[in-house]
Amino acid sequence: NFVPTPVLEITKTVDKGSVNLVDGEATVTWTVTIKNVGMGDADSVDLIDNLVSGAAANYTLGPVPTGGTADGDGFDITFPLNAKPTPAPGNTKTLTFTATVTEAGTYCNEAQIVVFGDENSTWHPIDLKASACFTALESNVSIIKDFVAADETTSLGKSVTLATNQNARL
């Protein structure tokens, strides 16, 4: 007797691989996609998402996805994920959320499906993970203002005395 079972896949991405801190902070957007490619329904999928590397004291999670519960520097969420309707591709659940950092460094975030229950009320513990990382860089910008000679290369310094109606190049 054939019993259809769910089969889950997970991916995680971040919108930017590196960001510059501007006025002491930078924000990224995380996306987690879970797909049921099996024939059975996953009536209850338990997913946890959290920061796995980077300074947690400098990391703030934006609003958690609808239905999620904040937990430290991450969140927990439970949702159904039905099987694919034939012949269409499998059903997916996409979770999008933001995080803000206030210090330079590399931050890695991981989503993990820890267990799911199928349509037969059977619970399946799994360890299905996906992670993504980004690097926050300290902005280091200098503006140098200098007067230059007609060749536009030779520096004349930060101040120049000019006669009336004489042009100066910066």
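Ala57 sits in the loop that links β4 to β5 (59-61); helices (H or I, at least four residues) and strands (E, at least two) are DSSP runs, numbered from the N terminus. With a relative accessible area of 78%, Ala57 is exposed, where buried means under 20% relative accessible area, exposed over 50%, and partly exposed in between (1.4 Å probe, protein chains only). Ala57 and Glu103 are 46 residues apart in sequence, and their C-alpha atoms are 9.3 Å apart in space.

The model is predicted: local features need pLDDT of at least 70 and side-chain atom pairs count only at pLDDT 80 or more, while totals for chains, interfaces and linings use all residues. Residues are numbered from 1 along each chain as its sequence is written, and side-chain values use heavy atoms, with hydrogens and water left out.

**Strand pairing**

Strand β4 (residues 42-53) pairs with strand β7 (residues 74-81) in the antiparallel sense, over six bridges; two strands pair if DSSP finds at least two bridges between them. β4 is also joined to strand β9 (residues 105-118), again antiparallel, by ten bridges. Strand β6 (residues 69-71) pairs with β7 through three bridges in the antiparallel sense. The hairpin of β6 and β7 has two residues between the strands, and Gly72 there takes a positive phi near 65 degrees.

Some bridge partners are listed here.

| Residue | Partner | Strand of the partner |
|---|---|---|
| Leu47 | Ile113 | β9 |
| Ile48 | Asp76 | β7 |
| Thr69 | Asp76 | β7 |

**The nonpolar core**

Which residues have the most contacts inside the largest nonpolar core? They are Trp30, Ile34, Leu47 and Phe134, in a core of 32 residues. Such a core is a set of buried Ala, Val, Leu, Ile, Met, Phe, Trp, Tyr and Cys residues joined through side-chain atoms within 4.5 Å. Strand β3 (residues 26-36) gives the most to this core, five residues.

Not counting residues up to four places away in sequence, Ile34 touches Glu9, Ile10, Leu47, Phe79, Leu81, Asn91, Thr92, Lys93, Leu95 and Ile113; contact means heavy atoms within 4.5 Å. Leu47 and Ile113, both among these contacts, are bridge partners.

**The surface**

Leu156, Val160 and Leu162 form a nonpolar patch on the surface, with about 220 Å² of accessible area together. Patches are made of residues with over 30% relative accessible area and no salt bridge, like charges being joined within 9 Å and nonpolar side chains (Val, Leu, Ile, Met, Phe, Trp, Tyr) within 5 Å. A salt bridge is a side-chain nitrogen of Lys or Arg within 4 Å of a carboxyl oxygen of Asp or Glu. Accessible areas come from the Shrake-Rupley method with a 1.4 Å probe; for residues, only the protein chains shown count as cover. Leu156 belongs to strand β12 (residues 155-157) and counts as partly exposed because its relative accessibility is 46%.

**Positive phi values**

Most residues other than glycine have a negative phi. Asp23, which is not a glycine, has a positive phi of about 55 degrees. Asp23 lies in the loop between β2 (18-21) and β3, and counts as exposed at 83% relative accessibility. Asn165, in the segment after β12, has a positive phi near 65 degrees. Asn165 is exposed, at 77% relative accessibility.
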